[in-house]
Amino acid sequence: MSNSRNRPPVGIIGGTGLTTLSGLEIMAERPVVTPWGQPSSDLIEGCLGDQAVMFLSRHGNPHRIPPHQVNYRANIQALHDAGVRTIVGVNAVGGIHADMGPAHIVIPDQIIDYTWGRASTFFEGELDETTHIDFTWPYTEEARELLISAARDQKLAFSDFGVYGATQGPRLETAAEVLRLERDGCDLVGMTGMPEAALAAELKMNYVCLALVVNRAAGKSDHIITMAEIEAAIDQGMSGVKRILEASISGLGALTPQFS
Ligand SMILES: CSC[C@H]1O[C@H](OP(=O)(O)O)[C@H](O)[C@@H]1O
Ligand code: HPA
């Protein structure tokens with residue numbers, strides 16, 4: 001049996017409400033620069049149980065980088081170059097689907113990208129050839145199954161499906177925009193799911209999203225969205241997200257890399 005501490009580290013990108021990862025046994029904190037510039041935070045190298053982990057804070061630590069200004073390319077490249085082959089993107093989202101209310105956990109299976117103007121590919125500039133990756137299934141199914149079985153074992157309220165609509169932000173949506181997202185088939189709305197997932201796919205990395213609903217999407221409740229409501233849902237739900245990470249991390253570390 002392979003020693004899990006010798007396996008490639010699993011990358012965890014923490015979002016809103018997960019700027020640091022409690023429970024992580026920290027070994028080193030590495031400032032990194034990539035050809036695309038600086039990632040959002042230092043890479044925190046540590047262990048979760050017996051599995052090596054590289055943690056990166058998407059909005060920086062402290063949380064200061066808005067979703068449209070995250071350097072997604074630097075974040076994914078930094079994790080790739082640190083040996084990561086599987087990434088879990090943790091996301092706070094608004095719930096559109098009626099069953100996806102605050103503190104509900106979702107492991108989505110699809111994305112629709114509504115973002116614009118973001119540096120969204122590694123394949124540009126002086127190229128020898130054009131590259132069009134397949135992106136039919138944006139999340140690695142084996143990784144999704146590991147999160148789903150961990151959520152089930154932990155007896156958490158969760159959904160094993162969902163279409164993540166990635167909006168530009170940083171403002172929240174109008175009620176009409178959410179109705180349009182719903183007509184399009186979106187169950188969740190967030191601002192950071194893209195281009196993060198596509199960039200990981202371009203570098204042939206396994207990628208999966210672990211989403212925590214922190215509010216009902218605009219127009220889907222009888223009140224406007226407040227930061228107090230979002231913080232309360234994070235307080236209520238983030239412990240479940242961490243339990244899923246802890247319970248699945250060893251399996252994630254053992255996933256077959258798409259490259260060596
Ligand atoms: C009102 S909170 C919005 C903020 O939270 C989500 O971030 P992340 O996906 O990094 O957890 C959302 O995408 C926005 O950036
Ligand atoms: O309602 C939302 N919309 C977009 N992004 C979000 N992130 C958390 N909640 C939301």
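The dialogue below works through a predicted model, from the whole chain down to its ligand sites.

Student: What should I know about the model and its numbering before I read it?

Tutor: This is a predicted model, in which local features need pLDDT of at least 70 and side-chain atom pairs count only at pLDDT 80 or more, whereas totals for chains, interfaces and linings use all residues. Residues are numbered from 1 along each chain as its sequence is written, while chains are lettered from A and ligands numbered from 1 in the order in which they are written.

Student: Which radius of gyration does the protein chain have, and what would a compact globule have?

Tutor: The radius is taken over C-alpha atoms, and the globule rule is 2.2 Å times the number of residues to the power 0.38. For 260 residues a compact globule would have a value near 18 Å, and the 17 Å of the protein chain agrees with this. The C-alpha atoms fill a box of roughly 50 × 45 × 35 Å along the principal axes.

Student: How many helices and strands does the protein chain have?

Tutor: Helices (H or I, at least four residues) and strands (E, at least two) are DSSP runs, numbered from the N terminus. On that basis the protein chain has 5 helices and 11 strands. UniProt, in an unreviewed entry, places the feature "domain: Nucleoside phosphorylase" at residues 9–249; such positions are given in the numbering used here, feature names are shortened, and annotations may be inferred rather than shown by experiment.

Student: Is E1 mostly covered or exposed, and which strands do bridges join to it?

Tutor: A residue is buried if 20 or more other C-beta atoms lie within 10 Å of its own, exposed if 12 or fewer, and partly exposed in between, with C-beta atoms placed from the backbone. By this criterion 5 of the 5 residues of E1 are buried, with Val-10, Ile-12 and Gly-14 on one side and Gly-11 and Ile-13 on the other. Strands pair if DSSP finds at least two bridges between them. E1 runs parallel to E4, with 5 bridges, and parallel to E5, with 4 bridges; Ile-12 has Phe-55 of E4 as its bridge partner, and Gly-11 has Ile-87 of E5.

Student: Why is helix H1 described as largely enclosed?

Tutor: Helix H1 (residues 72–81) is largely enclosed by the rest of the structure because 9 of its 10 residues are buried. Contact here means that the C-beta atoms of two residues, placed from the backbone, lie within 7 Å. The cover over the buried residues of H1 includes strands E1, E3, E4 and E5 as well as helix H4.

Student: Which residues does UniProt place in the feature "binding site", and which residues surround ligand 1?

Tutor: The unreviewed UniProt entry places that feature at Thr-16, Arg-58, His-59 and Thr-192. They span 177 residues in sequence, yet no two of their C-alpha atoms are more than 10.2 Å apart, so they gather at one spot. A residue is near a molecule if its C-beta atom, placed from the backbone, lies within 6 Å of it, and the residues around ligand 1 include Thr-16, Arg-58, His-59 and Thr-192.

Student: Where do Arg-58 and His-59 lie, and are they buried or exposed?

Tutor: Arg-58 lies in the loop between E4 and H1 and is buried, with 26 other C-beta atoms within 10 Å. His-59 has its place in the loop between E4 and H1 and is buried, with 20 other C-beta atoms within 10 Å.
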